[in-house]
Amino acid sequence: MIEPTIDQGAAWQALADHAEGMRATHLSELFAGESGRHGAFTRQAAGLTLDLSKQRWDAETLTKLLDLAREAKVPEAIRALLEGERVNRSEDRPALHTALRLPPEASLVVEGEDLVPSVHATLERMETMVERFHAGQWRGATGKAIRDVVNLGVGGSDLGPLMVTHALADYRPRGVHAVDVHFASTMDGSQLADYLARLNPETTLFVLSSKSFTTIDTLSNARTARDWLMARLMGEGREEGVDAELVMHQHFIGISASPEKMNEWGIAEAHQLEFWEWVGGRYSLWGGIGLPIALAVGMAQFRELLAGAHALDTHFREAPLEDNLPVLLALAGIWNVNFLDVRAHSILPYDGRLEYFAAYLEQLEMESNGKSVTHDGQAVGYSTCPVLWGQLGPNAQHAFYQLLHQGTQAVECDFIAPLVRYEDVEDPATRDHLMGQHRLTLANCFAQSRALMLGDEAIEEDGPRPVHKRYRGNQPSSTLLLERLTPATLGALIALYEHKVFVQATIWDINPFDQWGVELGKQIAGETQRILEHHADVATMDDSTRGLIEAAWAAERGSR
C-alpha cells in the first residue's frame, strides 16, 4: 500500500492554512508587535549562534512546523542516520559520514562491525603521511623533497577540501617543511595545464581522489599528470635510476573505495587511503579525502575540524527539536519553499576566508535534495530543494544585491560572519586598522539583513520616496555567527548544513544520498565521447546534438 505523501497530512494542511494569513504580514509588523523577538528565535550550539528572527514566521508558525517535523518522524530519522541504519534506500546502505568524526574512544557497531577502529586507522595513516611531508622526508624520484601537492578530484573530492583549505589558511603550521596545496578539477585540463607550466616535476606530487576511481574528469587529469611526470623525469638527459615505477611510487597518492583499481593504475599500496562505500562524495571531507586539508593545516587542526563537527552531531542527536539548530534551519527553509513560495536561496559569507563556502553548499544541497520522487516512487506534488547560489557578501553587494532589494522574486538569504577577527595580529597599528575593517564588514552584514527585512522603513527620509527608490523589504534571512572562524567552528558550520539537508529530505520524503541524475549525465557523455572520437554514426542522435557533433568534427578537420 502506498502511503500518502507528506503534503496530504494534517500538519502540512494546517501550515497551508496558516500561511494564508502570514503571506500578507510584513516582517516589520512582526518586529513591531513582538518585543524580544531576537531572543525568542535565536539558538546557540557548538560555537555557533543562529538568529532566525528575520524569518517571516511567528511562534505559531514554528509550533506548526515542529508538528510537521514530528509527523514526518524527524526524531526517528536522526536516530537512524546516526546509528547506521540503511537510510540511503535506493542504494540500500547507510550514510555514515558522521562516523568519520567520532572520537577514538567511541563505538559504532553497524551490521556487526565496529567502524571506529578502521576510521582511526585511516586517520593515523594520514597523519604518518602528513608528518613525512612536513618533515621534508617525502621525496620525489630524484631525491628532492616534495613542495607542491596537486589534488585531482571533482565534486565532493574537490569542493570540500578546497573550501576548507582556503577557509583555514590562517592555521598553516609554522616551523615545518612548506607544502603548497593546489586543486585541479576541470576535465578540459585548463587548471592542470596552468600548474604544469609553473611547477617543478621533481618536487610535485598528485593526489587522485575518486570514490569509484572511474570518474572521467579525474582520470583524464591524472593521465595528463602522469605523462608530464614521465616525460620530465625520465626523458632524455635525466638522471639514471629514475624509472616509471619509482615515479608512480613517489609522486602519487590514491584515495578511493576501489583499492584494486588504484593498484591497476600503479599507485603503491602504501600510498593509498581508504574511502568507504557508506560515505557519499559530497560528505567525504572528514576522512581520507581531507588529506589536502591536513597537509595544509596540519593533522592537529584537522582533528579539531572533526571535533567541531562531532560537537554539532552530538547537539543534533540530543537537543529537542525546538532548540535543534539543524532542525530549525531546515524548517525555515521548508516554510519558505513550500508555504511562502520562496524558491531561491543565497549564501552570503562576510569573511573572505569563506570564499568557496557557497560553491560547496551548492553541491551539498542541490545534489542531495534536487529530487522529485519520494522513497516509494511517487512523484512529489510539492517543491523540494530551492535554487541555491551565493558569493562573498561584500562583493555580492556590488553584484546581485540589487535583485535582492528590488527584484521581482523573493530570495531567502543566509548571512554568515565571525564576530572576532585579527585580534592576534602582532603590530598594534596594523591590528587596529584590520579590526576596523572587520567592524565595517560586520556593519555591512547586519545592515543588509536589516534592509532586506524592513525595506523603506530602515531609512528615515523627509517626504515620500520616488517609486524607483522604494524597497519593499520583507525578504527572509537567517544570520549565522561564529565567535571566531576556527577549525572547530568551521567543522560545526559544515555539519550544521549537512544535517539541515537531511532534515529537509526527511520531511520531503526524498533520498539525499544518491545522485542518479549525475550518473545519467555521465552515461550520455560517455556515449557522445565515443561518437566524437571514432566518428561513429550520429543517426541515433537528436538533430541538435547531431549538428553540434558535426560542427566539432569540422573544426577538428580545419585545425589539422
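## Around glutamate 367

In this predicted model, glutamate 367 touches Arg282, Glu362, Asp514, Gln515 and Val518, setting aside its neighbours within four places in sequence; contact here means heavy atoms within 4.5 Å. With arginine 282 there is also a polar contact of 2.9 Å between the two side chains. A polar contact is a pair of N or O atoms within 3.5 Å; within protein, one must be able to donate a hydrogen and the other to accept it, and residues adjacent in sequence count only if both atoms are side-chain atoms.

Glutamate 367 sits in helix α15, residues 357–369. Helices are DSSP runs of H or I with at least four residues, numbered from the N terminus. At 22% relative accessible area, glutamate 367 is partly exposed, because that class lies between buried (under 20%) and exposed (over 50%), using a 1.4 Å probe and protein chains only.

## The listed active site

An unreviewed UniProt entry lists Glu367, His398 and Lys522 under "active site". They are spread over 156 residues of sequence and, in space, up to 36.4 Å between C-alpha atoms. UniProt annotations may be inferred rather than shown by experiment.

Histidine 398 belongs to the loop between α16 (393–396) and α17 (401–406). It is exposed, with a relative accessible area of 72%.

## Reading the model

Residues are numbered from 1 along each chain as its sequence is written. Local features need pLDDT of at least 70, side-chain atom pairs count only at pLDDT 80 or more, totals for chains, interfaces and linings use all residues, and side-chain values use heavy atoms, leaving out hydrogens and water.

Conventions
Helices (H or I, at least four residues) and strands (E, at least two) are DSSP runs, numbered from the N terminus.
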